[in-house]
Amino acid sequence: MTDFLNAFVLLANFVIVPATAYGAQLALGALGVTLIYSVLRFANFAHGDTMAFGTAVAILFIWLLQAWGVSIAPLPTALLALPIGILGACALALGTDRLVYRFYRRQRSAPVVFVMVSVGVMFIYNALTRFLIGVDDRRIDDGERFLFTVAQFRAATGLEQGLALRTSQVITVVVMVIVTAAVFWFLQKTRTGKSMRAYSDNEDLALLSGINPDRVVRITWLLAAALATIAGVLYGLDKSFRPFTYFQILLPIFAAAIVGGIGQPFGAIAGGFIIAFAETAFTYAYRGFLGYVLPEGWVPPGLVQLLSTDYKFAVSFIILVIVLLVRPTGIFRGRVL
Amino acid sequence: MKRILLATAATALIAPAAHAQESVNVGIILGFTGPIETITPNMAAAAELAFQEANDSGLLDMQLNPVRADSTCIDSAAATAAAERLITADNVAAIVGADCSGVTIAIVNNVAVPNGVVMVSPSATSPALTTIDDDGYFFRTAPSDARQGEVLAEVVTDRGIDEVAITYTNNDYGLGLAESFTASFEERGGNVAMTAAHEDGRGDYSAEVAALQASGAQHLMVFGYVDQGGRGIVQSSLDTGAFDSFFFADGMQGQSIIDAIGAELDGKVVGTVPGSDNPGTEAFYEIAEGAGFDGTTSFAPESYDAAALITLAIAAGGSADRTSIRDHILTVANEPGEEILPGELARGIEILLEGGEVNYIGATDVELVGPGEAAGNYRVYEIQNGSFETVEFR
């Protein structure tokens, strides 16, 4: 019995807990990508850098709060600065839409033009973020870092294996649940949300019904920017903030959105967790786990690792390719890209 | 620089009249243009300072005349052409250089060994140069990266540890260290449970740490960079309780890791960085300052030592013959003999001309091992109370 408990704790500490937090961050990012896709009809490559920009603004405000001596310990100051970060990202997104995307929308440009434009915007955001805060690694996890540490867990349970739970991991999951619920409620129950869904479903019909397209577009950008900033700050809180990592995380976010079914909010959430768990589970070495579960002498001598961790990102793409081949609409029947 | 040139020119003019001395060219091939162009001027100045010292002593029956050439650090074809020119047109007796490992390998293979000319590199650290087929013509005053792997293996086994896991940054530096450490650790009876690369610049290293932890090893060798993935690995290991004993290579030494992680590191880290407690280093800085350049920049001390070894080898053999230089470098570099520090080259030459023996210590505590490369001195430190405490020198 103790063996099974140890095995479970080991798996929880190294696979379940980190993958859940990572999945929540991917899910929030993918939700933003999917919203833009379903309403504005293009894959927004600048999403990762919107995350970085919003987080950078939040970090500047965190520093200001810290200088003022304001804190909400044991919670991280980042939560307090989050709304300011969201405001910054919203201003950036609306400004970009006004200056860049509106032009192409009026031209009725093809979606692929929008995608290319968003790549250009991505590089500009990239530079803006570096201009604002630099390229260095920043840590923003002040306050109490752990709910409980490995040592505390071992002392409390007497098990051989330990489990650590970081405050940032719990906050990530809690915030993600609240935000997702709010987004779903907004899309399903409010007038504005319904008009967005109508616009997404059939643009011409929505216009005929008297829906103001500019308003829908504005609200979509605001929602996407807010989601991006929340995902970005949570990621920065859990790991650390470095502009470059937000560029890298864009790829798993896209994979999550497409696997779940692009344009499907629920698919984005599911896709985020699928990608995160797959990346972690495929690259984990199971020898220690099997050592507890299997009878003596059955434990294989190798590491029992399916793929080296070098191939972590490859895992999400293998899943992506398989999904596109077998079920191009994604798991939850989104649009076909 | 101007002063050295003037002085060289002046002595060259006067000397033949006085002693009918012959003038012997020595090459200095460094990357005066290219990625390391900021440090090469001081490296060349340091080498020329050593030759100048020998000339000023007036004890050799020849004038050593340094000739510069550009290795570019990265362009093997250009470096090979420049070395060809030194050997055929300038007829140099020996060469100080080259600097970067890639061009050095090219010159050794294509020019120096076929023509039988000694090269003493002050800065090429690639392990590949240890095993290069050089007929004994290649030496270096910089230690091979492989040496650090050996030192770390000694440090680990001396602490009674026989099983470790290795994580290295995914480039030549990290891989080279991982390989050399593994080889000498296994030679000493140790077992490497797992070797895994990590990419720098990632946000999340929990998967890497999870795999390393599953190997069952209790100690983690971190061959990475302090501001990059190395720190992420250490942080994640501490957070998940995967490891609480770490060994760092030189790339991991930096105040920023203590600033970032803090007291959690106390007593958990042992590491190595190049360094020695040698009085010659200070002596070199002083004479460099006297000669009007900054001796503290990278590889300037090694460059002085490279030129000094060539000079002493000429004195020991009594001639600037290329093969004679090759045969005498190891005898002047190592024990036994009178210890020679920077600025004491005249004394060294005098002893050698009288048939005595010298052990050149120089600016970097020179001791050439194996196929003629610096043994390399490393400082072993522990992190205690939020700072790097020196434990010993190896």
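Predicted model: local features only at pLDDT ≥ 70, side-chain atom pairs only at ≥ 80, totals over all residues.
The crossing of helices α1(A) and α10(A) is right-handed.

Sorted by class, the contact has ten nonpolar residues, three polar ones and no charged ones.

Now the geometry. Helix α1 of chain A covers residues 2-40, and helix α10 of chain A covers residues 243-260. Their axes come within 8 Å and cross at roughly 70°. Angles from 65 to 115 degrees count as roughly perpendicular, so α1(A) is roughly perpendicular to α10(A).

The next pair is α2 and α9 of chain A, residues 47-68 and residues 213-238. Here the axes come within 7 Å, and the crossing angle is roughly 70°. These two helices are therefore roughly perpendicular to each other as well. α2(A) passes α9(A) in a right-handed crossing.

Which residues of α2(A) and α9(A) meet? From α2(A) they are A:H47, A:T50, A:M51, A:A52, A:G54, A:T55 and A:A58. From α9(A) they are A:A225, A:A228, A:T229, A:A231, A:G232, A:V233 and A:G236. By class, this contact has seven nonpolar residues, seven polar ones and no charged ones.

Stepping back to the whole of chain A, there are 13 helices and two strands. The C-alpha trace spans about 70 × 55 × 35 Å along its principal axes. For 337 residues, a compact globule would have a radius of gyration near 20 Å, and the 21 Å of chain A agrees with that. Buried residues account for 48% of the chain. Of the contacts between residues at least 6 apart in sequence, 76% join residues at least 24 apart.

Last, chain B. How many residues does each chain bring to the contact between them? Chain A brings 33 residues and chain B brings 21. On the side of chain B that touches chain A, at least two residues come from each of β7 (191-198), α7 (206-214) and α8 (229-240). The largest share of that side is from α7(B), with seven residues. By class, the side of chain B that touches chain A has eight nonpolar, eight polar and five charged residues.

Key:
Residues numbered from 1 in each chain as written. Chains lettered and ligands numbered in written order. Helix = DSSP H or I, 4+ residues; strand = E, 2+ residues; numbered from the N terminus. Rg over C-alpha atoms; globule rule 2.2 N^0.38 Å. Buried ≥ 20, exposed ≤ 12 C-beta atoms within 10 Å, placed from the backbone. Contact = placed C-beta atoms within 7 Å. Axes fitted to C-alpha atoms, helices over the stretch in contact; angles between N-to-C directions. Parallel < 35°, antiparallel > 145°, perpendicular 65-115°, else oblique. Left-handed = near helix turned anticlockwise from the far one by under 90°. Nonpolar A, V, L, I, M, F, W, Y, C, P; charged D, E, K, R; others polar.
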